[in-house]
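Hi,

Here's the structure I promised to pass along. Have a look first, and my notes follow below.

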Amino acid sequence: MRRGGRGLLPAVLAVAVALAPAACGAPREDGDAVRVGFSQLSAEGSWRAANTASVRAALTPEHGFDLRLSEDEQKQEGQVAALRRFIAEDVDVIAFSPVVEDGWDQVLREARDAGIPVVLVDRSITTALPDAYVTRIGADFRAEGRRAGRWVLRNAPGAEVFELQGTLGSGAQVGRQEGFDALVGDAVVGAATGGFTRAGGRDVTAAALEAWPGLDLVFAHNDDMALGAVEALRAAGRRPGVDVRVVSVDGTRDALRALAAGDLDLVVECDPQFGDQLARVLRRVAAGEDVPASTTVPGGVFDRSVTAEQVAARAY
Ligand code: AHR
């Protein structure tokens with residue numbers, strides 16, 4: 001497979017483009033497959049598992065890919081090691097979901113020097129390195145935070161809000177917090193990270209209820225933490241969705257079920273099933289074709305009007 005030259009790419013394309021679902025193309029000869037090294041975060045929860053499943057389903061040999069998946073358990077050092085392995089294997093494209101935004105310049109310089117293009121999957125990075133990566137595909141985290149904040153402004157004026165943050169320094173935490181706080185930051189009485197896990201959400205909410213007994217709304221940066229918060233609220237004798245409202249991000253089936261049951265109040269959608277779009281982007285990058293600087297995966301909002309059919313239809 002011919003490797004793409006970054007010089008062909010436009011310097012900056014600010015417009016986010018939602019690509020059409022990929023036509024995965026005709027079957028390829030083995031030798032022709034696009035060799036993709038993908039470092040995934042894993043170990044977070046149901047959103048991440050659905051994202052991995054979607055990528056695996058799209059990047060198959062039948063669709064012309066040789067996928068080398070590294071499950072790196074939310075560890076930056078594991079991801080850096082995986083990227084170095086991919087460089088040593090001389091893959092055609094490196095894809096990765098960076099656990100945090102900072103600290104990638106050295107390994108991305110190594111990839112650039114090796115002539116291997118890099119695609120960010122889901123999460124974003126901050127970097128001073130020119131041409132550190134070719135493109136990113138993922139959600140608009142700030143817009144998600146704004147959607148949650150808008151609901152709080154309209155439906156819970158005067159609420160004391162606790163912000164259950166995702167992994168500190170991750171694109172999803174930074175963006176969702178910035179978007180939310182820009183609208184209702186004055187209402188936030190406390191914040192702490194639950195690391196995007198259900199157990200983290202439960203433990204941090206339990207501690208928050210002791211530190212801020214008057215809090216009456218939790219904004220969780222993802223569904224797994226929100227469901228953990230619901231457990232903690234019940235254990236503390238507070239009724240989720242009644243005494244303490246809960247707003248979340250993702251849109252997993254479990255969260256929509258909790259929304260329908262009245263335990264959650266709002267779920268902002270973040271769709272993990274963009275494997276087909278990723279496949280299309282990777283094929284173009286590997287072929288040296290121009291791609292947009294970013295592809296935004298669209299998402300909606302679910303409130304208590306969510307139907308049983310919508311819950312049942314949820315694939316993750
Ligand atoms: O980066 C996307 C976030 O990461 C999802 O909201 C969360 O569930 C995942 O772990």
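How many helices and strands does the secondary structure of the protein chain come to? It has 10 helices and 12 strands, taken as DSSP runs numbered from the N terminus (H or I of at least four residues for helices, E of at least two for strands).

Before the rest: this is a predicted model, where local features need pLDDT of at least 70, side-chain atom pairs count only at pLDDT 80 or more, and totals for chains, interfaces and linings use all residues. Residues are numbered from 1 along each chain as its sequence is written, and side-chain values use heavy atoms, with hydrogens and water left out.

On overall shape, the C-alpha trace spans about 60 × 40 × 30 Å along its principal axes. Of the 316 residues, 53% count as buried, i.e. under 20% relative accessible area with a 1.4 Å probe, protein chains only. If you take contacts (heavy atoms within 4.5 Å) between residues at least 6 apart in sequence, 76% of them join residues at least 24 apart.

α1 (residues 46-58) packs against α9 (residues 275-286) at an angle of about 50 degrees, and their axes are 8 Å apart. The axes are lines fitted to C-alpha atoms over the stretch in contact, with angles running from 0 to 180 degrees between N-to-C directions. Which residues make the contact? From α1 they are Ser54, Val55 and Ala58, and from α9 Gly275, Asp276, Leu278 and Ala279.

Cheers

Note on methods: Buried means under 20% relative accessible area, exposed over 50%, partly exposed in between (1.4 Å probe, protein chains only).
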